[in-house]
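Trainee: Could you walk me through reading a sheet and a ligand site?

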Amino acid sequence: MSKVLVSDPIDQAGIDILSQVAQVDVKTGLPAEELVRIIPEYDALMIRSETRVTQEVISAGKQLKIIGRAGVGVDNVDVPAATRQGIVVVNSPEGNTIAAAEHAIALMLSLSRLIPDANTSVKSGKWERKKFVGAEVYKKTLGIVGLGKIGSHVAAVAKAMGMKLLAFDPFISTERAEHIGCRLVDMDMLLREADYITLHIPKTPETAHLINAEAFAKMKPTARIINCARGGIIDEAALAEAVKEGKIAGAALDVFESEPLGESPLRDLGKEVILTPHLGASTAEAQVNVAIDVAEQIRDVLLGLPARSAVNIPGLYPDVLEKLKPYLRLAETLGNLVSQLAGGRVESLNVHLQGELASNDSKPIVIAALKGLLYQALRERVNYVNASIEAKERGIRVIETRDNAVRDYAGSLHLEAKGSLGEHSVTGALLGDGEIHITDINEFPINVPPTHHMLFTLHRDMPGIIGKIGSLLGSFNVNIASMQVGRKIVRGDAVMVLSLDDPLPEGVLAEILKVPGIRDAYTVTL
Ligand SMILES: NC(=O)c1ccc[n+]([C@@H]2O[C@H](COP(=O)([O-])OP(=O)(O)OC[C@H]3O[C@@H](n4cnc5c(N)ncnc54)[C@H](O)[C@@H]3O)[C@@H](O)[C@H]2O)c1
Ligand SMILES: O=C(O)CC[C@@H](O)C(=O)O
């Protein structure tokens, strides 16, 4: 039975799903070295934001097939290391969207009405009404940095509260922003015009310290900033200075450069600063959503099914995947076949998609072809996650071409491998019942289904040659299941494709190559 380690607190709904297919061990708060020590026994790891899945953890996780992050941000996972090791990383892109958006709104209103300090004051026995005079958000300008899932929901709620909306997001269109009710502006204008600024972007090299001393200098002295996205997008030292010097009116942070927050000048600031301990996703509803979403994906991957929200393989909606699945099998088979025909090192792979295949997202098809191509070299170590990286590291150049015209089949795939031992090509298609057929080998037309053991020859089309190969195989007790010849012109060059019941015994290929008229011969195992 598979084993899953849950190393952060996860809702029971997720544990129940995992328990259907695996032994689930919940061990939270593990020191880093303890995680490295125990991870080799696990097939899957499920985390939230506390566990740091470092390169060391991943290298030790020899059996790991999947890392599930019950939330959005995967910045606590070394995704490139997982990808190199062929481990799928999945998240829950939408499970906590509403929770995070509502936390940002809650912080904005709390900042405006000084609620946390007013609450503390009353609870300490005081009644200080003059001290806690706030500001309204109605008709104020909210600048939203990042108009993705959370930013868009914040926009909808803020609009309903009568706020004017500006947004900065270089990756969304003006039309989309307008549809959400936001005016798309540059960052400079957003900083200068907003009364409230809320951040909803990932932490990347571009967004690290995006809000720094220079940015605070551009903001209104009455401006307040909220960060419910990721620590490190705001330069915390510069923020503390800006608040102390009155350059801005306040800030509310849910996320920090280092978590848990240690010694920090932010702790010493007054009622104009609110700090929460990364609570954006902490609602009962969001925790059930993300736990179910990620546990289902771990369960599926452990059962050999694809994950719906993998961050390190092309995202495929289940209906698209269902449609593409037979073509993925075709691409993988042809990749494996062409690599065995090529024999040596492949330097480039041309992937030509024809007919209905050409109108699909080609990325998964190309990855499947590369997975097949690298199978001989890497065996089970190559999978959909690492096939592209492995190909890149081997210097294999991938060229994609496509032609929408429907020819003999609704869709077909042609792979051409150029390498150290020359060029080889194969074409394949799916029949109506989904059966794979090889329809072309090195431009010789054939029509055979792939089988486990195959023999391909290139020979001169002349009387007696087929009989000679048949007798030769018979003399070595190799049974031929089927045989087909493909040729372009009579008595020119031809290919022979034989399906064999058994693998060719050692030395037989050399005997075949001695038969007069045989130019080349290849054994293939699919
Ligand atoms: N505090 C929490 O507990 C909590 C909970 C959920 C999500 N989050 C964080 O919130 C953030 C947003 O999540 P989401 O689900 O809305 O993500 P999303 O991917 O839907 O949206 C992110 C948006 O940021 C934009 N963006 C990227 N780089 C940008 C840049 N340099 N400048 C401006 N815009 C940029 C993208 O175009 C996208 O529209 C993430 O960092 C996520 O990890 C935090
Ligand atoms: O796990 C959490 O509580 C935080 C999740 C949040 O930061 C996210 O990116 O989804």
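Mentor: Let's take the sheet, then the ligand.

Mentor: Bear in mind that this is a predicted model, where local features need pLDDT of at least 70, side-chain atom pairs count only at pLDDT 80 or more, and totals for chains, interfaces and linings use all residues. Residues are numbered from 1 along each chain as its sequence is written, chains are lettered from A and ligands numbered from 1 in the order written, and side-chain values use heavy atoms, leaving out hydrogens and water.

Trainee: In what order do the strands of the open sheet come?

Mentor: Strands of a sheet pair through backbone hydrogen bonds, either parallel or antiparallel. Here five strands follow the order S2-S1-S3-S4-S5, with parallel pairing (strands are DSSP E runs of at least two residues, numbered from the N terminus; a pair needs at least two DSSP bridges). S2 (22-26) and S5 (88-90) are the edge strands, each pairing on one side only.

Trainee: How many bridges join S4 to S5?

Mentor: Three, with S4 spanning residues 66-69; Ile-67 has Val-89 of S5 as its bridge partner.

Trainee: Now the ligand: which residues come nearest?

Mentor: Near means a heavy atom within 4 Å. Ligand 1 has 25 residues around it, and Lys-149, Ile-150, Asp-169, Ile-201 and Cys-228 come nearest.

Technical notes: Helix = DSSP H or I, 4+ residues; strand = E, 2+ residues; numbered from the N terminus.
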